[in-house]
Structures are given as structure tokens and as C-alpha cells.
Amino acid sequence: MMKVDLPGDFIYGAATAAYQVEGAWNEEGRGESIWDSFAHKKGTIRDGSTGDVACDHYHRYSEDVAIMKTLNLDAYRFSISWPRVLPEGKGRINHRGLDFYKKLLDSLLEHDITPYVTLFHWDLPFSLQDTFGGFYSRQCSDYFADYAAMVAKELGDRVGNWITLNEPQDYASNGHFLGEHAPGHKRVWEYLKVMHHLLLGHGKAVQSIKAVRPESRVGITLNLMPVHPRTESEKDKNAADLADQFMNRITLDPLFRGSYPEKLFHTLRWFKPKVKEQDWEYITTGIDFLGVNNYTREFAYHAWYIPLLHTWMTGADIAETEYEENGRQYTSMGWEVFPRGMYDVLMRLKNEYGNPPVLVTENGAAFDDAPPVNGRVPDEKRVQFINGYLHMIARALQDGADVRGYFVWSLLDNFEWSVGFTKRFGIVYVNYETLERTIKDSGLWYMDFIKSQKNRQDEGGEG
Ligand code: FCB
């Protein structure tokens with residue numbers, strides 16, 4: 001196992017998202033989200049499952065916080081379900097929904113675990129989608145900023161760290177272009193508009209949160225990954241460049257440079273959003289940290305049959321099981337295990353985007369774990385995975401990247417969107433029939449790892 005040394009004030013956490021763990025989908029006044037209606041439709045989720053119950057975190061949060069404490073976590077990243085607190089997305093507040101988050105937060109604070117709260121992890125209130133097309137419409141950015149301000153006002157005495165959006169690029173591409181996530185649209189013309197309105201909503205929310213709670217630290221979480229050409233041909237190199245703009249630069253450039261990537265905008269020029277001068281003031285509003293989710297890399301190739309973009313990526317389909325091929329290891333999502341990609345992403349942020357303070361807000365792996373035997377779930381591959389990526393984070397830190405913390409995805413096995421419960425990302429195993437939790441070996445390893453990092457610091461061993 002590679003030795004990893006991280007700084008004394010480095011933050012160790014685990015992450016989840018509301019729809020993937022909470023359940024209680026129609027309890028205590030919660031409104032419907034687009035993920036409820038999407039998952040309830042036949043044929044949308046690989047195993048026919050839904051997030052109706054999920055991990056039942058809504059009722060079992062105390063047990064889950066106790067597990068976090070056992071694991072020595074400094075921090076917990078979770079998301080707020082927008083329709084749980086604003087059933088129609090705007091206007092009427094559901095106080096019983098807010099109470100749940102207050103109880104969860106109190107329990108975290110009692111256990112000395114710092115909350116990092118995501119405001120939008122994809123579960124848009126259905127009524128906003130239904131009445132005016134959700135983020136396809138510019139109006140949605142204002143509703144988002146209002147929602148953010150309301151939550152900051154109500155919960156800001158307990159929360160210091162906010163993440164506006166989780167992976168806006170994924171939301172726009174999977175939900176509006178590929179149709180594999182809610183709201184399930186296969187409409188290439190929606191992609192850039194949804195992107196723009198999400199980023200605009202982010203900027204407005206940063207400002208609206210700070211207006212209510214000036215002391216808050218606010219960031220955004222992006223999915224970033226290296227995109228390599230499949231071959232050295234000019235066509236594949238061009239495809240990789242365009243794919244990089246589509247996946248990475250579509251969010252990085254506007255946030256940090258105040259512009260959109262040109263080639264992509266030229267390629268999709270018929271579907272460009274209306275960008276007002278003032279929008280840039282919002283979008284480039286300073287953030288206190290950048291959340292980075294990284295799992296793998298992609299290989300792009302020229303694909304004549306993809307409308308307009310003519311580029312595609314090898315990892316676009318989710319696998320059935322984990323496998324190895326040509327000496328490379330793939331998780332059960334079919335995502336290549338490529339720790340070096342984490343380093344490359346972090347160094348790119350340092351070298352090309354002004355070295356922002358970074359929190360790795362998600363990293364982890366789905367493997368085909370067997371159910372517990374005598375209370376143990378041996379998941380050595382996940383241990384190797386996490387250790388390998390942490391090693392690359394330590395290397396990036398040595399080379400000047402400004403990384404402040406790491407959140408493993410995920411605390412619990414949970415509802416993995418379009419592939420339902422077929423994939424297990426947790427460092428804690430969840431039995432979906434009894435809802436019993438069992439800490440996997442990776443969880444026990446992480447627990448010891450955190451402790452040993454802290455002990456090293458106490459002994460003055462920090463380099
Ligand atoms: C990310 C999502 C997260 C989870 C992981 C595996 O894209 O943010 O909710 O599904 O992938």
C-alpha cells in the first residue's frame with residue numbers, strides 16, 4: 001500500500017445526496033421531485049427500483065451520524081431536497097421538512113462533525129419542471145437563488161459551508177441531452193441553455209446566500225476528468241478537445257474566465273442561450289472553494305453518427321459488472337480506475353484556473369460487494385482505490401495544488417440514479433430489505449487512516 005501524508009488541517013469526510021439516501025418521498029409534506037416522477041415511470045431505472053425508501057436516512061439519520069463518528073469523520077456532505085422544504089419549488093415553506101434538516105444538523109454538530117450542504121443535487125421540484133420547463137427556463141435561476149437564501153436564513157446558524165450545485169454538467173447532459181436522468185429529455189437543443197441557467201442560478205445563489213449570511217463559505221461542485229484521444233489521429237484529437245469542452249470547460253471557463261468555450265459554442269451555435277452582459281457578473285462571483293468530483297478518465301473518438309458533436313466517449317455506457325482489460329481495472333460502473341487522473345485534474349486547476357482552494361467532494365468506487373459474512377464485508381479493491389487516489393492528492397499538494405479536504409463517495413450504499421440499487425459505492429454496506437448497515441473493510445480502513453493521519457500530526461511528524 002502506498003504511503004500517504006496529508007496536512008494536519010486536511011478535512012476527511014463522506015458524501016451522500018438527498019434522493020439517493022433519504023427515502024420518505026411522500027412524508028411530512030414533501031413535494032414531488034422530478035426524480036420521483038422519473039423513477040416511477042416504467043423502464044427508466046435498470047432494476048425497476050425507486051428512491052421511495054432508499055436507505056431510509058430520513059428516519060435513521062441518528063444511527064448514520066453515529067456511524068460517521070465511529071469512522072472518525074470530520075465532515076459530512078449531504079444535500080437538501082428542494083421539494084422537501086419548498087414543495088412547489090417556490091413560495092410556501094414546508095417547516096416539517098426544514099425540521100428534519102435541523103435535527104440532522106444538530107446531531108452532526110453534537111458529534112463534532114462539520115456539515116457541507118449541497119443545495120441542488122438534481123432533485124428539482126416537479127412543479128417547476130412542469131409549469132415552465134425547470135432549468136430550461138431562465139426564471140429557474142431566480143427561484144433557485146430564492147430557495148438558497150431561504151435555506152441559508154433558516155439553517156445558516158448551523159451551517160457554514162454551502163455548495164450551490166452538484167455537477168451541473170451532468171445534470172444538463174444526462175437529464176436533457178442523453179435522457180438517462182430526470183427529466184429524461186433527449187433534446188440536444190436544451191443542453192447549453194440548461195447549462196447557462198444553472199450557472200446563472202449558481203452565481204445568483206452565491207450572492208443571495210452571502211446577503212443573508214455574509215460569513216458563509218460558498219462553493220460549487222463540478223465533475224472533472226481528463227479526456228484523452230482514443231488514437232493519435234487528428235480526428236480523435238479534435239474529438240477529445242471538443243469532448244473536453246463539453247465535459248470540463250463548459251463549467252470551468254465561465255466560472256473562472258467569464259467566457260464559454262468557443263469551439264463547442266460554434267458547434268452548437270443554433271442552440272446558444274441568450275447571455276446578457278450582467279449574467280457574467282453573477283457567474284463569475286467569487287467562490288470560497290471549488291468542489292471537485294473525480295472518478296475516472298475518458299477516451300474520446302470521432303463518431304460521425306452523433307448529431308452535431310461527432311464525438312463520443314468510450315465510457316458512456318454503464319457496465320454490468322467490474323472487469324479487467326488490457327491490464328486496466330474497471331469498476332462495476334465500467335469506469336477505469338485511474339488515480340493519476342485526480343492528479344491531472346488538480347494540477348490543471350492550479351496551472352490553468354488560478355489555483356482555487358479545492359475540496360474533493362466526491363471520489364470512490366462501485367465494486368460487486370458480497371453481503372456481510374460474520375459482520376464483515378471484505379472490499380479490498382475499494383481500499384486500494386481510495387488509498388491510490390489519496391496518494392495522488394498528496395502528490396498534487398506537494399506540487400502546489402491547494403487541496404483542503406476529501407469526501408469519499410459514498411457513506412452508504414445507495415440509489416445510484418439510472419442503475420438503481422445495482423451498484424454499491426458505500427464504505428458502509430446497506431441491506432435493502434432490512435436496511436441494516438454494516439461497515440465495510442474500506443470503512444474500517446478509512447477510520448484507521450484518518451486516525452493515523454491525525455496521530456502523525458500530534459506527534460509532530462508533519463512535513
Ligand atoms: C456522481 C454523482 C453522485 C453519485 C456518483 C457515483 O456523478 O454526483 O450522486 O451518483 O456520481
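**Notes on the cysteines and the ligand site**

1. C55 is buried, at 0% relative accessible area (buried means under 20%, with a 1.4 Å probe and protein chains only). C140 is buried too, also at 0%. As for disulfides, taken as pairs of cysteine sulfur atoms within 2.5 Å, the count is zero.

2. Before you go on: this is a predicted model, where local features need pLDDT of at least 70 and side-chain atom pairs pLDDT 80 or more, while totals for chains, interfaces and linings use all residues. Residues are numbered from 1 along each chain as its sequence is written, and side-chain values use heavy atoms, leaving out hydrogens and water.

3. Which residues are around the ligand? They are Q20, H121, W122, N166, E167, N293, Y295, E362, W409, E416, W417 and F425, near meaning a heavy atom within 4 Å. By class, that shell has five nonpolar, four polar and three charged residues; Trp, Tyr and Phe count among the nonpolar ones, Glu among the charged, and Gly among the polar.

4. Now the polar contacts (N or O atoms within 3.5 Å). The side chain of H121 puts an N or O atom 2.8 Å from a ligand oxygen. For N166 the distance is 2.9 Å, and a polar side-chain atom of W417 is also 2.9 Å from a ligand oxygen. The protein covers 95% of the 300 Å² of accessible area that the ligand has on its own (Shrake-Rupley, 1.4 Å probe).

Terms used:
Buried means under 20% relative accessible area, exposed over 50%, partly exposed in between (1.4 Å probe, protein chains only). A polar contact is a pair of N or O atoms within 3.5 Å; within protein, one must be able to donate a hydrogen and the other to accept it, and residues adjacent in sequence count only if both atoms are side-chain atoms.
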